[in-house]
Amino acid sequence: LTGTVGGIAALTSLTADGGVSFTAGSVRTTGAQSYADNSINLSGTYTTNVAPFTASGTVNVASGTVISTNSGPLTLGPVKGTGSLQLINLSGPLTLSGVDGLSSLDISSQTPVILSGGTYALAGDAAFSFTRSQLTGDILFGTAADLGSATLIGKTSLIGSGVTVRAAAITGSDHNLGLSGIINVAGSVTVGDLVTTGIVSVGGDVSGRALSLSGVTGIGGGITATNVALSGPGSALSVGGSITADALSSSIETQSLTVGGDVRIAKGLSLAGAVRITGSVTATDIALSGAGSTISIGGSVSADTLI
């Protein structure tokens with residue numbers, strides 16, 4: 001389609017679901033626009049009136065493309081191209097599945113942006129900035145990003161590939177989270193299971209079930225979890241507050257474990273490597289092992305069994 005479709009009188013709706021590729025200039029409808037082709041090329045202004053706009057295939061964007069749903073749901077498949085894209089949906093849900101190569105992305109929405117997996121990278125020094133976000137799937141950022149207040153809505157893997165990904169906080173205790181690369185969370189992290197690699201910084205507390213930490217992890221607050229395991233060559237964990245868990249372990253290959261508060265373990269505590277605990281240690285069973293380990297505890301130690 002070329003030119004403006006519905007320019008004089010808006011169409012009721014537009015559905016395109018046949019063929020491999022579809023090209024549309026500007027389109028205006030009062031109802032929904034749905035593009036289910038494998039690939040769609042957009043190069044104009046696309047408007048609905050509180051109705052859904054859906055492009056489920058690859059979305060190729062030319063410069064100056066605008067999609068406005070006036071509070072209708074807006075859902076895009078992987079977005080590619082070298083142009084600029086503006087998304088306007090005010091209070092409706094907005095779902096992205098990747099944005100790769102655009103010169104800029106401008107979002108006007110009062111609701112959290114849903115990032116449903118995919119690769120996110122803008123051209124040049126441009127960066128992503130979201131006030132609020134909802135996360136699910138495997139999400140890789142090749143460009144610096146600020147997720148704002150992030151909520152997990154499914155199992156999520158968040159990767160900062162050579163760039164810093166920031167968030168005000170991450171919540172979602174029913175869902176598991178993997179953090180890799182350079183991740184900086186100013187506030188707290190509350191999730192199900194947590195796996196970290198790379199360089200991860202959390203300004204507040206971390207709460208979860210099983211925490212598997214490797215790389216360099218810094219936590220300004222405390223940890224509350226079922227199980228905490230620190231492992232991997234050169235891994236380091238620094239906790240400003242206390243650790244409360246059923247079990248805690250560090251390995252001889254671990255570079256360091258530093259805890260500014262107390263360590264309260266309901267069951268087993270196994271420490272090796274370079275360990276420094278400022279406060280007291282309480283556990284049912286404590287095992288201190290590993291040739292070359294250095295363990296320093298500033299407060300008292302209470303245990304049923306000490307090996």
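Which residues is Ser-250 in contact with, leaving aside its neighbours within four places in sequence? In this predicted model, they are Leu-230, Leu-257, Ser-270, Leu-271, Ala-272 and Val-275. Contact here means heavy atoms within 4.5 Å. Residues are numbered from 1 along each chain as its sequence is written, and side-chain values use heavy atoms, with hydrogens and water left out. Because the model is predicted, local features need pLDDT of at least 70 and side-chain atom pairs count only at pLDDT 80 or more, while totals for chains, interfaces and linings use all residues.

Ser-250 belongs to strand S33 (residues 247-250). Strands (E, at least two residues) are DSSP runs, numbered from the N terminus. Ser-250 is buried, at 6% relative accessibility. Buried means under 20% relative accessible area, exposed means over 50%, and partly exposed lies in between (1.4 Å probe, protein chains only). The Ser-250 side chain reaches the backbone oxygen of Ala-272 at 2.9 Å. Ala-272 is also one of the residues in contact with Ser-250.

Strand pairing was then examined. Two strands pair if DSSP finds at least two bridges between them. An open sheet of five strands has the order S3-S6-S9-S12-S15. Its pairing is parallel. Strands S3 (27-28) and S15 (104-109) stand at the edges. Each has a single partner strand, so one side of each is left without a neighbour in the sheet. Within this order, strand S9 (residues 65-68) pairs with strand S12 (residues 84-90) in the parallel sense, over four bridges. Thr-65 has Leu-85 as its bridge partner in S12.

Parallel pairing also links S28, S31 and S34. Strand S28 (residues 216-219) runs parallel to strand S31 (residues 236-239), and four bridges join them. S31 in turn pairs with strand S34 (residues 256-259), again in the parallel sense and over four bridges. Val-239 of S31 stands opposite Ile-219. In S34, Val-259 is the bridge partner of Val-239.

Strand S28 also holds Val-216. This valine is partly exposed, with a relative accessible area of 41%. Together with Ile-182 and Ile-199, Val-216 makes a nonpolar surface patch of about 230 Å². Patches are made of residues with over 30% relative accessible area and no salt bridge; like charges are joined within 9 Å, and nonpolar side chains (Val, Leu, Ile, Met, Phe, Trp, Tyr) within 5 Å. A salt bridge is a side-chain nitrogen of Lys or Arg within 4 Å of a carboxyl oxygen of Asp or Glu. Accessible areas come from the Shrake-Rupley method with a 1.4 Å probe; for residues, only the protein chains shown count as cover.

Asn-60 is found in strand S8 (residues 58-61). It is partly exposed, at 27% relative accessibility. Beyond its neighbours within four places in sequence, Asn-60 is in contact with Ser-39, Ile-40, Asn-41, Leu-42 and Lys-80. The side chains of Asn-60 and Ser-39 make a polar contact of 3.0 Å. Another polar contact, also 3.0 Å, joins the side chains of Asn-60 and Asn-41. A polar contact is a pair of N or O atoms within 3.5 Å; within protein, one must be able to donate a hydrogen and the other to accept it, and residues adjacent in sequence count only if both atoms are side-chain atoms. Asn-60 and Leu-42 are 18 residues apart in sequence. Their C-alpha atoms are 6.2 Å apart in space.

Loop residues complete the description. Ala-36 lies between strand S4 (33-35) and strand S5 (39-42). It is partly exposed, with a relative accessible area of 40%. Not counting residues up to four places away in sequence, Ala-36 touches Ala-16, Asp-17 and Ser-56.

Val-50 has a phi near 55°, a positive value in a residue other than glycine. It lies in the loop between strand S6 (45-47) and strand S7 (53-55). Val-50 is exposed, with a relative accessible area of 51%. For Ser-71, phi is near 85°, also positive in a residue other than glycine. Ser-71 is placed in the loop between S9 and strand S10 (74-76). At 21% relative accessibility, Ser-71 is partly exposed.
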